[in-house]
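Q: Can you take me through this one? I'll ask as I go.
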Amino acid sequence: MTPAHFSFSSAFVLGLMGLALHRTHLLSALLCLEGMMLSLFIALALWALQFEATGFSTAPMLLLAFSACEASTGLALLVATVRTHGTNRLQSLNLLQC
């Protein structure tokens, strides 16, 4: 395993562990998701460069577009949650009250 593969693999695993274990604020969950998407983008871009195939070159840009949509949706949900509940702590959210 090359150092580049190890770095983005460990970044993805750290983002996944942060999402699974540190679930106090919605903002920290969104940051963990963004870190995971960034490591996936880097991995996909390096994979496309390594194989030098023109068909794979659009996949990282498509992933980046979906990541931007995911980030904007997450921020909209964060703003709506803070406006309605007054905090972004995940413990204060209750699906039964909606």
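This is a predicted model: local features need pLDDT of at least 70, side-chain atom pairs count only at pLDDT 80 or more; totals for chains, interfaces and linings use all residues.

Q: What does the UniProt annotation "transmembrane region" cover?
A: The record, an unreviewed entry, puts it on residues 6-22, 29-49 and 61-82.

Q: How much helix and strand is there over residues 6-22?
A: That stretch is 94% helix and 0% strand. Its end C-alpha atoms lie 23 Å apart.

Q: And residues 61-82?
A: Residues 61-82 come out at 100% helix and 0% strand, with 31 Å between the end C-alpha atoms.

Q: Which residues make the nonpolar surface patch?
A: Leu-38, Ile-42, Leu-46 and Leu-49 make it, and the patch has an area of about 370 Å².

Q: Where is Leu-38 found?
A: Leu-38 is in helix 2, which runs over residues 26-51.

Q: What about Ala-29?
A: Ala-29 is also found in helix 2. Ala-29 is buried, because its relative accessible area is 12% and the cut-off for buried is under 20%.

Q: How far is Ala-29 from Leu-90?
A: Their C-alpha atoms are separated by 9.4 Å, with the two residues 61 apart along the chain.

Q: Switching to cysteines: how many disulfides?
A: The count is zero.

Key
Residues are numbered from 1 along each chain as its sequence is written. Side-chain values use heavy atoms; hydrogens and water are left out. Patches are made of residues with over 30% relative accessible area and no salt bridge: like charges are joined within 9 Å, nonpolar side chains (Val, Leu, Ile, Met, Phe, Trp, Tyr) within 5 Å. Accessible areas come from the Shrake-Rupley method with a 1.4 Å probe; for residues, only the protein chains shown count as cover. A salt bridge is a side-chain nitrogen of Lys or Arg within 4 Å of a carboxyl oxygen of Asp or Glu. Helices (H or I, at least four residues) and strands (E, at least two) are DSSP runs, numbered from the N terminus. A disulfide is a pair of cysteine sulfur atoms within 2.5 Å. UniProt positions are given in the numbering used here, feature names are shortened, and annotations may be inferred rather than shown by experiment. Buried means under 20% relative accessible area, exposed over 50%, partly exposed in between (1.4 Å probe, protein chains only).
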